Amino acid sequence: RSYSVTGVQTCALPIYAEVSDWAEGLRSGAADYITKPFQPEELLSRIKTQLDLASANGTLERTVAERTQELQQANLRLNALWSLTSLTSMDDRAIHDFILEKTVQMTRSGYGFFGLMDDTEKVMTIHSWSGAAMADCAMAEKPVVYRIDEVGVWGEAVRQRKPIILNDYTAPHQAKKGYPSGHVPLTRLMVVPTFSGGRIVSVAALANKDDAYDDADLRQLTVFMDGVQIILDRRTAIEELRKSEIKYHSVADFTNDLETWRAPDGRFIYVSPSCERITGYSAEEFLADPGLTLKMVLPEDRVLLAEHYAREGGQDLGENRHVDFRFITKDGRVRWMSHYCTMVVDPDGNHLGRRASNRDTTERVLAEERVGALLREKEILLREVHHRIKNNMNSVASLLSLQSGMVEDQTAVDALNDARS
């Protein structure tokens, strides 16, 4: 005989029942069996046990379903973040569309938009609308630039600087300003601002989820948007670094002089490409061998440069230093180098090494040597001319002296003496 109490099927078997009877009863859908004779209390106790088991099983199934959904949502967020890291080659519009697509998916929302704030946090520009919002919205003009002090309830997320959730959009709210004509009707709304450096930089708004937005939705969207902002900040930093490097290399790589930067331990951090034109050695050779400069120096000047480097390695007070020396190029020519260097520090005052400009002054030195030689030749010539003129003047003076002794007219004598003196 079979009994059913609140959905729990129980078989009552006669006292002479066989094992096959028990098995047949369980196969027919019974949750338990009891043999006659039995007491009502025993039957009720067994039924209660089955009800408790059914309740526990239902709770477990709901918990598993909830955890499964949470894992699915977490996987959506992780997949979205993982995919975002591969979007560095995309333009800003494509990235903004991707962000909105993923936020709509992970929150199971009907509509959404993604906008960027200006530096004052007073104006937001919407960079991406969800496809459903664009299709369903019948507004004649869809503005993309909004003043935060003029917008309705979604602007509260910026004005209050925190996320907002409205699960009953029809309920009164002091910040509501009504729908524009043709706007899609809203049932639920979640708006999350994203911060970077203490400033709101973007806003993600999602609407019309089938069920209520909850803390899990807010947590997942916040984590996702924070991850997005880290990637966008890194993308911006990389672009700024790239531009900075272009500016740096435009100045350093195309200079006529040999520019270097040595770390505090003497290693080269940077050597300009002009090194190969000046010395015959490539920048890679200098970077691989910090001692290459000393090796190139003429033996007679090597001590001079070594002492200069030793002063750099000692108490470096940051003053400019200068030394001239001769070096031998890779093809064996002797050249002159004029070396100026100064200390490099970061904004915190940490010593980062020394920056140096090295100019090939061979032509100037040779010109100075030629000028010096010409001056010496001129000096010798002047001394020779002076000597000859002096000799000639002495001869003239002697002749005048003889002539004055042969003349009796005193006026003529005085004139001759004046000419001799």
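How many nonpolar, polar and charged residues make up the lining of the largest cavity? The model is predicted: local features need pLDDT of at least 70 and side-chain atom pairs count only at pLDDT 80 or more, while totals for chains, interfaces and linings use all residues. Residues are numbered from 1 along each chain as its sequence is written, and side-chain values use heavy atoms, with hydrogens and water left out.

View 1. A search of the whole structure finds 2 cavities of 30 Å³ or more; a cavity is a set of points on a 1 Å grid over the protein atoms alone where a 1.4 Å probe fits but cannot get out. The volume of the largest cavity is about 170 Å³, a volume being the space filled by probe spheres set on the points. Its lining comprises 18 residues, each with an atom within 4 Å of a point. Nearest the centre lie Thr-260, Thr-293, Tyr-309, His-339 and Asn-358.

**View 2. Composition of the cavity lining.** The lining of the largest cavity holds 9 nonpolar, 5 polar and 4 charged residues; Asp, Glu, Lys and Arg count as charged, and Gly is among the polar.

**View 3. The second largest pocket.** About 300 Å³ of space lies in this pocket, an open set with protein on both sides within 12 Å along at least five of seven lines. Of its 13 lining residues, His-96, Leu-116, Gln-229, Leu-232 and Thr-236 are the closest to its centre. The lining divides into 5 nonpolar, 4 polar and 4 charged residues.
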